[in-house]
Every structure is written in structure tokens, then in C-alpha cells.
Amino acid sequence: MKKWWQNEIVYQIYPRSFKDSNSDGYGDINGIISKLDYIKKLGVTMIWLTPVYKSPMADNGYDISDYYYINEEFGTMEDFDKLIDECNIRDIKIMMDMVLNHTSDEHPWFKEALKDPTSKYHDYYIFKASKEVPNNWRGQFGGSAWEKVDGRDEYYLHTYHIKQPDLNWENPKLREEIYKMIQWWIDKGIKAFRLDAINHIKKNPSYASIEPDGYDGLAAIKKMGRNQEGLGEFLTELNERVFKPNNCMTVAETAGLTNEMYKDFIGKDGYFSLVFDFRHTALELESGSEWYSRKEWELKDLNDTLMETQTNIQKYGWSGIYFENHDQPRSTSKYLGNYDENEDAIKMLGAYFFFMHGVPFIYQGQELGMKNFVRKSIEDFDDIDSINQYHRAINEGYSEEEALFIVNSRSRDNARVPFAWDDSSYVGFSDVNPWLMPLDDNSKHNAKSEEKENSILNFYRSMIDFRKNSDISEILIYGKLEPVETKTKDVFAYRRKLDSKSVLCIFNFNDKDVNVEINKGEILFSNYHMEQAQEGTLKPFQMNILDENN
Ligand code: NOJ
């Protein structure tokens with residue numbers, strides 16, 4: 001049975017870096033409102049806002065101190081209500097980011113828990129009475145996952161930053177507060193949610209130390225605090241209480257899911273509408289949590305990984321398909337190497353992910369072909385994860401130069417620099433110096449200069465339109481994906497198939513002409529101007545969607 005969210009196309013906005021309307025160097029809600037026509041013209045149907053709630057911004061909003069309040073940096077609740085109205089006028093839906101694994105340490109619940117260990121809020125968090133650090137778990141942002149409470153023999157758990165204490169989902173009262181809060185947003189008209197780090201909410205009840213996996217003697221917390229037995233009970237309740245009765249769309253951030261878990265997560269009665277799978281995002285790493293653990297990889301690995309994940313996921317349900325987000329480097333730099341400025345290559349790469357099975361997510365600036373940005377000193381980084389990864393690399397014996405190279409290639413700041421609206425001094429984002437360095441060497445990819453024929457931006461617009469409004473839209477949206485062997489290095493293909501109809505999507509990642517037997521027939525969509533595939537020849541970085549129905 002079809003679901004309302006299956007033909008959505010989502011555009012992710014990082015509000016801090018999208019558009020500054022009040023000249024303070026930070027993006028805001030009124031800035032977003034001023035750009036809704038741009039978003040509408042792109043053709044997407046929904047925007048996902050990373051957190052805009054009240055927050056001291058230790059982790060750029062993923063540390064919430066009031067779920068019912070808009071952070072002043074972004075504006076007011078009136079501004080937010082206006083955003084809802086303006087989106088409604090344009091038929092654009094809003095997806096909110098729900099951070100439910102932790103709050104800020106400045107949330108009133110946590111402040112009360114610290115002040116009075118007998119208060120009910122103490123049990124909203126994970127405290128352990130102990131003179132010593134309770135175990136050797138390493139937080140996702142480095143160092144012990146435990147922080148001592150001042151003046152008491154007690155520690156609290158933080159999977160992420162010290163300023164992000166974990167909520168205690170074992171406590172039913174806490175869970176009720178969460179459901180009440182989500183319902184409040186639903187009543188405001190929000191029907192789509194992205195669930196941050198949601199597979200971390202259940203911890204291994206043993207709280208035992210485990211085999212160290214670094215020179216620091218610690219072990220990654222994800223081994224004991226992610227995808228743990230019993231997680232499903234919490235997720236079922238969350239779904240039954242708020243999302244299911246309101247027919248919401250949900251996408252869960254679920255790194256580390258195994259194939260066996262898809263059924264429970266996104267199957268017929270799954271906890272969520274979609275999951276974000278992570279397997280393709282860290283092909284250059286031995287371990288996703290240590291950026292210094294680099295290894296060789298090839299484009300074939302990317303394709304093999306994606307084809308395997310796609311075929312496994314579609315057996316049960318749907319995923320959110322993406323190449324970029326606010327935690328990932330730019331896909332141009334990551335997958336195209338020396339060709340990260342080649343417009344045919346950038347378009348081909350965009351289409352390669354976009355026509356797979358699932359709901360596509362496009363990250364702001366991806367549609368312009370923005371790329372990574374090299375910083376020369378660790379002082380220039382804002383991202384707490386980058387700073388931690390830099391120091392971890394140094395501790396593990398890497399030189400400063402190596403450590404800088406490592407963080408430059410993966411830094412979350414790559415995607416977080418201001419969106420380039422034009423080539424003026426602050427890339428049209430603001431008229432004062434922005435909170436994070438603007439992209440000098442990147443400003444040629446900007447929304448204004450790309451208002452021309454054949455630009456990457458216009459390619460994205462036509463690609464989105466094609467998925468929504470062409471004769472083969474049904475196949476591109478609902479069709480199953482079948483990997484197709486091309487027998488040619490770095491040429492990848494998949495078929496989208498619905499009932500007896502199918503189309504072949506083929507992508508040349510080479511910088512030269514290649515001959516591929518299966519590239520024949522009528523071209524329905526391409527990044528080149530051609531109506532007929534030319535006797536098997538694919539031009540450099542050409543992609544085609546070919547008709548297979550005659
Ligand atoms: C995942 C978010 O995408 C990331 O930006 C954040 O730092 C962590 N979860 C913690 O909330």
C-alpha cells in the first residue's frame with residue numbers, strides 16, 4: 001500500500017548557515033522564509049530543519065535546553081509560525097529534528113537533577129553513584145563518556161559532548177514528557193520528524209567495561225550503547241504513542257543497523273517510515289568512529305556497498321537516500337577526487353544517488369556543487385568532532401600535518417559553511433562576517449551565477465521535475481532497484497522496475513569515452529543533450545536513463 005511520504009523529496013537546511021536576515025552573522029528563520037521561493041523552484045516538497053530549539057549551541061543545536069522554544073539566534077516562535085504559514089502557501093512541508101537521546105546540560109530538568117539528587121528529574125538522566133569513573137566507555141566526541149558531578153561521588157553519562165547528558169529512557173515519566181512534547185509539535189502542524197541518534201536510547205544494563213580499542217584505554221560507547229537488546233520496546237512505544245496515530249513521516253538516524261534489523265525498523269509494522277543507512281559514508285575508514293583509521297577504497301566499493309544496501313532494504317521497506325548532510329563532507333570532494341569541479345561529473349554523481357530506491361534527501365548547497373574547504377590550522381575549525389578527532393590522531397602518533405589532512409577531509413565544517421547565494425564578500429549569506437568562514441574558493445558555485453542554462457542547479461531542478469512529473473515517475477518512485485553488471489570499470493548501472501515496466505540508469509564515472517554494450521536505446525533523461533544512446537558509447541561522466549519498454 002502506498003504511503004503519503006513515499007513521493008516526497010526532502011531538502012535539508014542547516015539554519016545557522018542558510019541565510020542571515022538580521023545581520024548578526026548567523027542564519028535564521030526569517031532568512032529561510034526569504035528563500036522559500038528558491039526552494040519551491042528547486043522542486044522539493046519538504047524541508048528538514050536541523051534543530052532550531054533553545055540551545056547553548058555546544059553541538060550546534062543538538063543540545064536542546066527547551067524543546068518548546070525557538071533559539072533566539074534563529075528568531076521567535078512567531079517567526080516559526082510564519083514559516084509554517086509561508087510553507088503551507090507554497091505547499092512545502094516541514095520536517096523537524098527530534099533529539100531524544102540527550103538534552104543540553106542547561107535544560108531545566110538537568111539543572112534540577114544536579115541541584116537536588118532527590119528530585120524526580122534526577123532519574124530523567126543516567127547517573128551512577130561512584131568514587132571512580134563507572135566504566136571505560138569512550139564518548140562519540142572523545143574522552144570518557146562519564147562526567148563527575150561537582151561535590152558528589154556521582155557521574156552522569158553523555159554519549160556525545162559533556163554538555164549533552166543522556167536521557168534515561170528506562171524512566172516512564174521521562175518517556176511521557178517526550179510524547180507530550182512531540183504531540184505538541186504535531187498539534188502545531190508538523191507531520192515529519194527526523195530522529196537523531198535514536199538507536200542510542202537503550203544502554204547495555206550491565207554498564208560493564210569492555211576491551212579497550214585505543215591508546216586511551218577506552219572503548220567506543222557504541223558497542224554498549226547502540227542497537228542494544230530491548231531498544232525495540234522503546235521504539236515501538238514511541239511509534240504507537242505519537243507517530244502512528246498521527247500518520248507521521250519519520251526518518252531514523254540509525255548508524256550500525258544490521259540487515260536483520262531492517263524488518264523491525266522499516267518493515268510493515270516497523271518503528272519508522274525510513275532509516276538513514278550509513279554504510280556508504282565512511283568507505284575510506286577502517287572504523288567510522290576514528291577518522292585516522294584510513295584505508296584505500298575504490299569507486300567499485302561505493303557501488304557494491306550501495307547496491308547491497310539498496311537490495312537488502314527494499315525487501316522490507318524504504319530508506320532515506322542521501323550523499324550529504326551536516327555531518328558529512330561534500331560528496332563532490334569525497335567521491336570525485338580531482339574532478340570535484342567538473343560539472344558533468346557533479347551532475348552524474350547527483351543523479352546516481354537520486355534515482356535509487358527511497359526518499360531522496362538533498363543537502364543545502366549540494367545542488368550547486370559545493371565542495372570541501374581546506375583549513376590550515378586546527379584553530380580554524382568550529383566543529384567539536386573535528387577538534388576531538390584532531391587530538392585523537394595526534395595522541396595516536398600522527399603528525400600535525402597528517403592530523404590536519406585527516407580532519408580536513410572529514411570535518412563537519414565542510415558542509416556547515418554558509419550557503420553561497422552570490423559572489424559578494426560574504427557570499428550573499430550575510431552582510432557581516434559569518435559565524436563560520438565563508439567559502440572564498442568555492443563562491444563560483446553560487447545560486448546567482450547558476451541561474452543559467454546547463455548549470456548544476458538547473459540540472460538538479462530538471463532531475464527533481466523528472467522524478468515527479470515524467471511518464472516514468474511511478475517507476476522511479478515505486479520501482480524496485482536491480483543492480484546491473486556493466487562489465488566496465490567505473491561504469492555502474494541499476495534498473496528500476498515496476499510490474500512489467502523498467503528503465504535502466506547508467507553512470508560513467510570515467511573521464512573518457514567508454515563503450516558499454518548495454519547503453520543503447522532511447523534516452524529518457526541524461527546530463528548530456530542526446531536523444532539516442534550512441535552505439536554503446538558513454539561520454540566522460542555521462543549518465544543516462546534508458547527506456548527498456550519497447
Ligand atoms: C547526530 C547529528 O546529526 C550530529 O550533528 C550530532 O552531533 C549528534 N547526532 C548528537 O546529537
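This is a predicted model: local features need pLDDT of at least 70, side-chain atom pairs count only at pLDDT 80 or more; totals for chains, interfaces and linings use all residues.

User: What makes the pair of Y292 and Y398 tilted?

Analyst: The ring centres of Y292 and Y398 are 5.6 Å apart, with 40 degrees between the planes; since pairing requires centres within 6.5 Å, and planes under 30 degrees count as stacked and over 60 as edge-to-face, the pair of Y292 and Y398 is tilted. The pair links distant parts of the chain, with Y292 in the loop between β13 and α9 and Y398 in the loop between α12 and α13, 106 residues apart.

User: How do you know whether Y292 is buried or exposed?

Analyst: Y292 has a relative accessible area of 11%, and because buried means under 20%, Y292 is buried.

User: Why is the pair of F110 and F127 called stacked?

Analyst: The centres of the F110 and F127 rings lie 5.9 Å apart and their planes are at 5 degrees, and because planes under 30 degrees apart count as stacked, this pair is stacked. F110 belongs to helix α4 and F127 to strand β6.

User: What makes N325 buried?

Analyst: The relative accessible area of N325 is 7%, which is under the 20% limit, so N325 counts as buried. The side chain of N325 also reaches the backbone nitrogen of D327 at 2.7 Å, and N325 touches Q12, Y363 and A415.

Technical notes:
Residues are numbered from 1 along each chain as its sequence is written. Side-chain values use heavy atoms; hydrogens and water are left out. Buried means under 20% relative accessible area, exposed over 50%, partly exposed in between (1.4 Å probe, protein chains only). A polar contact is a pair of N or O atoms within 3.5 Å; within protein, one must be able to donate a hydrogen and the other to accept it, and residues adjacent in sequence count only if both atoms are side-chain atoms. Contact means heavy atoms within 4.5 Å. Rings of Phe, Tyr and Trp (its six-membered ring) pair if their centres lie within 6.5 Å; planes under 30 degrees apart count as stacked, over 60 as edge-to-face and the rest as tilted. Helices (H or I, at least four residues) and strands (E, at least two) are DSSP runs, numbered from the N terminus. Lists of a residue's contacts leave out its neighbours within four places in sequence.
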